[in-house]
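Work through the exercises below with the structure open. Try each task before you read its solution.

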Amino acid sequence: MRGYTLRPMTPRKITRQVIVGDDRVGRIRIGGGAPVVVQTMNAGYTHDIDACVAEINRYAKAGADLVRVAVPERKDTEALKEVMRQVTVPVVADVHFHYQRALEAVEAGVHKIRLNPGNISDRDQVNKVIDACKERGIPIRIGVNEGSIIERRDKARRAEELGKFFAGHKSGHLLALMIAKLEEYLDIFAQRDFHDVCISAKSMDSALVIDIYTEISQRFDYPLHLGVTHAGTRDSGCIRSISALSTLLANGIGDTVRLSYASDHIDEVKDAIEMLCCLGMRERKGVELIACPTCGRIQVDLFTLVKEVEKVLMPELELPVKVAVMGCIVNGPGEAEGADVAVFAGDRRGIIYVQGQKVANVTEEEILPRLLQECKAFEAKVKSGQARLGEKLVEIKPPDPIGELGSGAAKIAAGQVSQVSVGHTG
Ligand code: SF4
């Protein structure tokens, strides 16, 4: 039999560190081994001050460390002054085309600027932004995206760059072009001795995102802002983003992340945090739910139960209590061993365990309230020091599979069930 060795997660690449924030909202560190920062971007208009502040603070409450806002017009940077007075997290101004917006945002007290030097063609204008940020100690993210990387204004250069797509390997060419642009832009900043920089190079192609960030991580030591751009709805965008970002993070690459969904951006924050928790890169706050996918052995309405458990427990528990909701005894006891509180179901019933100790055997209707009661009691014990998360008190002895919870001897006798299966299909 083949043996497998568990490979430890690659250590984080230690990049330079930038600090974003102020005395009022606090300062967050990006890079230099600091915990990975979660960010998102406002969907609404910055000039609508009340809505803008409410949106930023809503994301902050959900766990965003940093929120970016667009400032396409003068009225946006004018509003930014008031916005900055009311927000609860550091704010980044997203600037395209108009270098004046960057200068105005700096003046308004913004904590960071995102700039694509590719769409500000006048070098002097970029220099003015760099100097203003340097004077105030404000970092700049240099962001290049696949969609904006091809030259737009210089027609000859555009034809040359586009031509290469058809001459060679599209992804290879894009990767080379994005790196060349980044080098060109970083050179502008280096010439002004400005190193308070984060970099990003996004694409909507997950595989290309993995390749490009792997490459730029080897070439530059600036902190990396990871993202798959224009990733789609939450359903597709989640998979597209997390497949790339978690691969990079597991390989030690990345200092801050942004998922980008065409849906409520609160989901970007929630999914980014969940990704970091799953990778062991962020401490979980609130309940961790484990549930089986169900199969032909199921004897309760587990999908409804799990949804209800999630809905009821999430707002009730503060601590990261691990709760398992399992459909039958095949894996129920095993999961119950690893969970703080577990229920595994049988024939329209559920057996509830707390840290491996059986505490109840209830009907299907009673599972939810009893599980909530046990979870709250367990959390109270943890808070008062009488119990510890993740501890197992007793060995779980699974009930007889053809006994009280299993398919039942009567059913077997009646020929309804021919045998009791062991092994897991999930
Ligand atoms: S065998 Fe696994 S998937 Fe099937 S009901 Fe039991 S625990 Fe759920």
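The model is predicted.

**Exercise 1. In what order do the strands of the open sheet lie, and which are the edge strands?**

Step 1. Trace the order. The 5 strands run β11-β12-β13-β14-β15, and the pairing is mixed.

Step 2. Find the edges. β11 and β15 each pair on one side only, and these are the edge strands.

Step 3. From one strand to the next, the twist averages 15 degrees.

**Exercise 2. Why do the buried residues of α10 line one face of the helix?**

Step 1. α10 (residues 302-316) has 15 residues. From first C-alpha to last, α10 reaches 21 Å, close to the 21 Å expected at 1.5 Å a residue.

Step 2. List the buried positions. Buried means under 20% relative accessible area. L302, L305, V306, V309 and L313 of α10 are buried.

Step 3. Look down the axis. The buried residues of α10 fall within an arc of 95 degrees, so they line one face of the helix.

Step 4. Check the other side. There, F303, K307, K311 and P315 are exposed.

Step 5. Find the partners. The buried residues of α10 pack against β11 (288-291), β12 (322-326) and α12 (364-383). α10 lies across β11 and β12, running at about 165 degrees to β12.

**Exercise 3. Where do D193 and R348 lie?**

Step 1. Take D193. This residue is found in the loop between α6 (170-191) and β8 (197-202). D193 is not a glycine, yet has a positive phi of about 55 degrees.

Step 2. Take R348. This residue lies in the loop between β13 (341-345) and β14. Phi of R348 is also positive, near 60 degrees, and R348 is a residue other than glycine.

Step 3. Check the exposure of R348. Its relative accessible area is 46%, so R348 counts as partly exposed.

Technical notes
Residues numbered from 1 in each chain as written. Predicted model: local features only at pLDDT ≥ 70, side-chain atom pairs only at ≥ 80, totals over all residues. Heavy atoms only, no water. Helix = DSSP H or I, 4+ residues; strand = E, 2+ residues; numbered from the N terminus. Expected span 1.5 Å × (residues − 1). Buried < 20%, exposed > 50% of the residue type's maximum accessible area, 1.4 Å probe, protein only. Arc of directions from axis to C-beta. Contact = heavy atoms within 4.5 Å. Pairing = 2+ DSSP bridges. Axes fitted to C-alpha atoms, helices over the stretch in contact; angles between N-to-C directions.
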